[in-house]
Amino acid sequence: MPARNAALPAHLTAATLLRVSAEGAATALVLTVQARTGRAADAGFLQTALTLPYVLSGPVIGHALDRAARPRGLAMALAAGYAAATAALLLMAGRSPLALALLVAVVVGCTEPIVVALSSLLPRFVPAERLPRAYALEASSYSVAAIAGPGLAAAIAAVATGSHSGLAIVAAAVVGAGALAFLPVARPAGKGVPGTNEPGPRPVTFPEPHEAPAPVPEPRPQAASPGPDTSATQTADPPATPPADPSTSPPADPPADPPATPTADLAVPPPATSSGAGAGTGAAAGTAGRGGFRHALMDVVVGGLSVLVSNTRLRALTVATSFAWLGFGGVAVTAVLFAEHIGAGPSAGGQFLVAFALGSLIGALGSSRWLKARHAEWVVMGGLAGFGCAIASVVLAPSLPWALLCFLVVGIVEGPVFTATLMLRQRESPPGRLGQVNTTGGSLKIGASAIGAALTGAFADTIGPVGLLLAIAACQLAGSVLGFLLLLRPGAAPATEASGNVRE
């Protein structure tokens with residue numbers, strides 16, 4: 001019990017520090033490149049290199065963390081790799097050739113998904129009745145990071161220079177990676193997931209070839225010798241079979257017994273399929289091995305996506321949040337443009353984002369007392385509808401104070417949506433798939449966000465900041481409507497029937 005009590009603070013400390021680093025890395029990178037070269041466009045290329053690997057590396061890291069014998073060690077290794085790569089990138093940016101810096105940025109992008117994959121460890125040490133509270137705190141850590149990460153980078157740039165703005169970002173990553181050492185996480189396989197009623201991920205095993213023939217009765221009445229006797233030798237022992245004629249038994253037994261003996265079968269690798277036909281041929285075994293490798297590789301890459309597609313509620317969640325982030329990807333540019341639209345300086349756009357992050361923190365913490373996993377999908381869909389309406393209301397703000405208040409309300413409405421997203425993924429994911437589902441869902445959202453950012457840049461001059469805000473709001477409403485339709489379509493079973501992981 002003391003380990004469980006200490007586990008959640010250790011987890012939140014490590015996860016929050018790593019997320020502070022991830023959220024502030026982009027700001028620090030821009031400030032660093034600008035200070036050293038005066039060409040901020042180079043930072044844009046580096047940010048792209050940071051984002052693109054996430055789409056593939058996220059599912060792989062989630063899959064590995066779900067199945068790791070020592071998940072804490074793997075998490076520490078990935079976090080340490082992320083911290084080292086981030087430090088190297090910030091040292092090289094603006095000083096080394098761009099191609100070399102891009103390679104390091106790719107390494108950062110390949111390891112960064114660990115900051116999201118850590119959420120999958122919560123059910124291993126948090127009791128079921130405390131998971132809603134834990135997920136609310138987990139969601140709030142992202143809001144804290146969204147405030148603290150860019151703020152630290154900007155503060156150091158103001159006190160020192162832009163080239164030193166990454167010091168706090170690297171320090172947060174290093175301390176966060178070290179804090180994972182205090183996280184007591186046991187391997188769930190075979191023992192169930194602590195704090196839940198779920199069994200642990202069952203390892204995939206193949207039946208031993210010598211076990212299958214054991215229950216099959218011998219068709220010949222004279223072959224009464226037990227299996228273990230024939231496993232010791234390849235030929236029958238005449239004195240051990242009294243009912244059989246010693247002169248006829250040896251010629252009859254060898255043609256039938258050797259294929260069924262353990263000594264003959266142990267030399268053949270376990271088959272990749274349930275069929276035993278052809279297991280004795282080397283060509284078939286090699287084909288099965290290659291097929292098993294391809295199947296395992298596909299499971300790593302698309303295993304999380306298959307869960308998101310096949311499960312009705314996760315499919316609705318993925319479609320809804322992807323549409324929502326398609327619009328929200330352009331919020332940073334839109335905030336700056338809207339600040340200028342109402343007569344404030346461009347820096348007010350950063351204040352809008354801070355107000356949004358603060359509101360999201362308030363919403364996530366406030367929802368922990370009433371939000372239940374059983375109703376998570378409806379909270380997401382209803383929350384996205386409210387989220388869209390709140391964003392649309394920003395266009396009515398006549399001045400900076402009113403705009404800040406509107407962005408604060410937007411964040412408060414969004415807070416429960418993210419908390420419910422984490423809870424729904426945990427509720428509906430099969431045992432051993434939560435990390436992969438989390439990182440795959442996050443990858444899809446990031447991909448949609450990148451597309452949205454590109455569309456924002458393409459249409460900013462055409463529709464202006466008011467049009468951009470309305471477009472962002474429309475994406476939230478579209479995601480909500482599509483999610484509701486997928487949940488209400490015929491054949492979508494209620495959560496209590498379709499999932500064995502439902503908990504209050």
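## Helices H3 and H19

The axes of helix H3 (residues 54-67) and helix H19 (residues 434-488) come within 7 Å of each other and cross at roughly 170°. An angle over 145 degrees counts as roughly antiparallel, and H3 and H19 are therefore roughly antiparallel to each other. The model described here is predicted.

On the H3 side, the contact involves Tyr 54, Val 55, Gly 58, Pro 59, Gly 62, His 63, Asp 66 and Arg 67. These meet Leu 434, Gly 435, Gln 436, Thr 439, Thr 440, Gly 442, Ser 443 and Ile 446 of H19. By class, the residues in the contact of H3 with H19 are five nonpolar, nine polar and two charged.

## Helices H8 and H18

Helix H8 (residues 131-159) and helix H18 (residues 400-428) have axes that come within 8 Å and cross at roughly 130°. H8 and H18 are therefore oblique to each other. The crossing of H8 past H18 is right-handed.

H8 contributes Leu 131, Pro 132, Tyr 135, Ala 136, Glu 138, Ala 139 and Tyr 142 to this contact, and H18 contributes Phe 418, Thr 419, Leu 422, Met 423 and Gln 426. The contact of H8 with H18 has nine nonpolar residues, two polar ones and one charged one.

## Aromatic pairs

The structure holds eight aromatic pairs. One of them joins Phe 328 and Phe 356: the ring centres are 5.1 Å apart and the planes stand at 45°, so the pair is tilted. Phe 328 belongs to helix H14 (residues 312-328) and Phe 356 to helix H16 (residues 348-367), so this pair ties together parts that are 28 residues apart in sequence. Phe 328 counts as buried because its relative accessibility is 12%, under the 20% cut-off. Phe 356 is also buried, with a relative accessible area of 12%.

Phe 356 forms an aromatic pair with Phe 387 as well; this one is stacked, with 6.3 Å centre to centre and 25° between the planes. Phe 356 lies in helix H16 and Phe 387 in helix H17 (residues 376-393), so the pair ties together parts that are 31 residues apart in sequence. Phe 356 and Phe 387 are both buried.

## Aromatic cluster

Phe 328, Phe 356 and Phe 387 belong, with Trp 325, to one aromatic cluster.

How values were computed: Residues are numbered from 1 along each chain as its sequence is written. This is a predicted model: local features need pLDDT of at least 70, side-chain atom pairs count only at pLDDT 80 or more; totals for chains, interfaces and linings use all residues. Side-chain values use heavy atoms; hydrogens and water are left out. Axes are lines fitted to C-alpha atoms, for helices over the stretch in contact, and angles run from 0 to 180 degrees between N-to-C directions. Helices (H or I, at least four residues) and strands (E, at least two) are DSSP runs, numbered from the N terminus. Angles under 35 degrees count as roughly parallel, over 145 as roughly antiparallel, 65 to 115 as roughly perpendicular and the rest as oblique. A crossing is left-handed if the near helix is turned anticlockwise from the far one by less than a right angle, and right-handed if clockwise. Contact means heavy atoms within 4.5 Å. Ala, Val, Leu, Ile, Met, Phe, Trp, Tyr, Cys and Pro count as nonpolar, Asp, Glu, Lys and Arg as charged, and the others, Gly among them, as polar. Rings of Phe, Tyr and Trp (its six-membered ring) pair if their centres lie within 6.5 Å; planes under 30 degrees apart count as stacked, over 60 as edge-to-face and the rest as tilted. Buried means under 20% relative accessible area, exposed over 50%, partly exposed in between (1.4 Å probe, protein chains only).
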